[in-house]
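This briefing walks through selected features of the structure shown below, grouped by topic, with each criterion stated where it is first used.

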Amino acid sequence: MAREYPLERTRNIGIIAHIDAGKTTVTERVLFYTGVSHKIGEVHEGDTVMDWMEQERERGITITAAATTCFWCRSYLSDPEGAKTENEHRINIIDTPGHIDFTVEVKRSLRVLDGAVVVFDGVAGVEPQSETNWHYADDYKVPRVCFINKLDRMGASFEKSFRSILERLTPNAVLVQIPIGIESSFEGVVDLLRMKAIRFEGDQGNTIVVSEVSDNLKSAAEGCRRSLVEKIVEHDDAAMSDYFEGKEVSEERLRGILRKATLENKLVPVLCGSALKNKGVQLALDAVIDYLPSPLDLPPVKGFDPKTNAELERRADDGEPFSALAFKIATDPFVGSLTYFRVYAGVLKKGTYIFNSSKNSQERVGRILRMHANHREELDEIQTGNIGAIVGLKNTSTGDTLCDPEHPIILEKIIFPEPVISVRIEPKTKADQEKMSLALRRLSEEDPTFRMGADQETGEMIISGMGELHLEIIVDRMKREFKVEANVGRPQVAYKETILKTAESEGKYIRQSGGRGQYGHVRIRVEPRERGSGFEFIDEIKGGIIPQEYIPAVEKGVKEAIDKGIVAGYPVVDVAVALYDGSFHEVDSSEFAFKIAGSMAFQEAVRMAHPVLLEPIMRVQVITPQQFLGDATGDLSSKRGRIESMDDRPPDVKVINVKVPLSEMFGYATTLRSLTEGRASFTMEFDHYEEVPQSIAQLIIEGKKR
């Protein structure tokens, strides 16, 4: 089957931002202007296409990343009417959540996207979650364009927002547009490359009116254009030489150099507008086509052979062996389990078999769907560079590689943050008991940052996630989608344990009770590792002092002890364990004996290595009217908060950036509302783990024992 759209005319993009910067509003405008929807959905009216879950519409926030496909021609000037079809591009869009509790959705989406549009609030500029998402995009080397939104709002400042991008995110940001007017007088934008004023007329901004730049803006626009051209030509020696010789560098050539520099993450074009007032969104779509990559612009995707571990590459080409990454599992009420995947190479046809190389299992492809939020379109095949969903895969989870059974490859996995908060949960009735474990299992398959487990002492079910809202949504979904009623306990912090010193110890497990006995004897050394670096097991056994077949058993015993914890029953992290000596018995030694010996030795060594408790520290931003600043900062200080900075925001608002232990933040939304007459707001995200002060650690340990 011939390609519907050539690869060079395909874009896979995400729209990412801090909560409330206007991502979903931007996406709804994109769907309207590209003809996917015939009515503009509004977040405040609860009728958006992309926020289709009941909880999303009720709360006005995005919870799950929604995927859709649309088609776009450059909006004006560059395309004569007749050239429309030859210049139409397919754009696969993922609208991601802004709330930190759902950061997993952003991370896994960025892993499979080629480019991103980062939306900023024109009043607030760069906010905490914008920074987190920006760093995720840096990790995956995703080229970006910025869109400064909400320039029609009271207090909007284009210059301040742009400065915050330069200072806090990247010095490589370049203005390709400036606004015409600001706040209530915001009318349109000046396109600096074309040096034209562009306004958006009609009720829905569909009529684009191009005119000359007015005299009062001309000198500012010319200054910005000069600066833009200088930054662009720095990335091309021939153009730089022409520019400094006084020759005119054509608009087309400048655009080509800017595209190349954007793809290499050396420049980031910055656009502006107001999605709510239907101004500037069409030009953002043009920028997606002009500056963000097609699958052909990116280097081949890398992976390794599951049998030989040799490095492999797959080019973006329909003729290559099929290779794709599953980046999201969702439960659809109409078709069952859906696996969202991105095709990096090859073609997938329905009715064929694929190999899940991460799980070493084969799966049959029954139905392939192209998704439009929660609507779906059946496909016979899906080609390189596209995003789709397969119905009913049995054994595939987020981050698994799907490939041609004859040419196996494992692509780079997606690494997710650990949950920081837990609650106990129990079914309300006997009938809910069975349904609850099924519902929780389904939800944990969908969301890698949601975990479920049982308390080993009490047998109670414990669920863990990224924040109170995250767990609240999980319980709400259980009730609505799976009809399970549950009682939920108070939130608990996911503490961890670690060590501060190096220590050595010995573990001996010897049992003799007639017949064959048990004998395992090990000597180990434990050492602290850098925070966040995890567990490492080092085999230092020389000359067969312990036979090779027993060493994995020692590691297994150590891992079991790590999970149970030593000080207060919390998992031990950031520790290296070296097995350096021991002995065995020809007859009585067994894997079981060495597992027990490893566990005993580890527990003893940790007790001697100055064990401490670690607690999650959150990065909190509080936005409060000036008059409540004293009350807000006093309350944060009483919660062991460390205030890092305070910024002003017009007209009379203070922004407090503070680090606070998670244990002090439960119920903070209610506290802040009562302190500020309901006028302040806050955002909170995990920052790092830190040692708990001794006096507080003692209380935690005693509470755990009770």
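Helix α10 covers residues 430-446, and at 1.5 Å a residue its 17 residues should span 24 Å, which agrees with the 26 Å between its end C-alpha atoms; the expected span is taken as 1.5 Å times one less than the number of residues. The model is a predicted one, in which local features need pLDDT of at least 70 and side-chain atom pairs count only at pLDDT 80 or more, while totals for chains, interfaces and linings use all residues. Residues are numbered from 1 along each chain as its sequence is written, and side-chain values use heavy atoms, with hydrogens and water left out.

**Helix α10**

- Helices (H or I, at least four residues) and strands (E, at least two) are DSSP runs numbered from the N terminus, and α10 bends by about 25° at M436, the bend being the angle between axes fitted to the seven residues ending at a residue and the seven starting there.
- The buried residues of α10 include M436 itself, together with D432, A439, L440, L443 and E446, where buried means under 20% relative accessible area, exposed over 50% and partly exposed in between, with a 1.4 Å probe and protein chains only.

**The sheet β31-β32-β34-β33**

- An open sheet of mixed pairing is formed by 4 strands in the order β31-β32-β34-β33, two strands being paired if DSSP finds at least two bridges between them.
- Because β31 (503-511) and β33 (536-539) stand at the edges with a single partner strand each, one side of each is left without a neighbour in the sheet.
- On average, and with direction ignored, neighbouring strands of this sheet are turned by 25° against each other; axes are lines fitted to C-alpha atoms, for helices over the stretch in contact, and angles run from 0 to 180 degrees between N-to-C directions.
- β31 pairs with β32 (residues 518-528) in the antiparallel sense over 9 bridges, with Y509 standing opposite G520 in β32 and S505 having I524 in β32 as its bridge partner.
- β32 also pairs with β34 in the antiparallel sense, here over 8 bridges, and the bridge partner of V522 in β34 is G582.
- Helix α13 (residues 591-608) lies across β31, β32 and β34 (575-583) and runs at about 35° to β32, contact meaning heavy atoms within 4.5 Å.

**Salt bridges**

- With a salt bridge defined as a side-chain nitrogen of Lys or Arg within 4 Å of a carboxyl oxygen of Asp or Glu, the count comes to 40.
- K302 forms a salt bridge with E313, their closest N and O atoms being 3.3 Å apart, and this pair links distant parts of the chain, with K302 in strand β12 (residues 301-304) and E313 in strand β13 (residues 311-314), 11 residues apart.
- K302 counts as partly exposed at 44% relative accessibility, and E313 likewise counts as partly exposed at 42%.
- R370 forms a salt bridge with E377, with 3.3 Å between the closest N and O atoms; R370 is buried, with a relative accessible area of 9%, whereas E377 counts as partly exposed at 31%.
- Within the sheet described above, D581 forms a salt bridge with R523, the closest N and O atoms being 3.4 Å apart, and the pair links strand β34, which holds D581, to strand β32, which holds R523, 58 residues apart.
- D581 is partly exposed, with a relative accessible area of 22%, and R523 is partly exposed, with a relative accessible area of 28%.
- Salt bridges that share partners join D191, R194, E251, R255 and D290 into one network.
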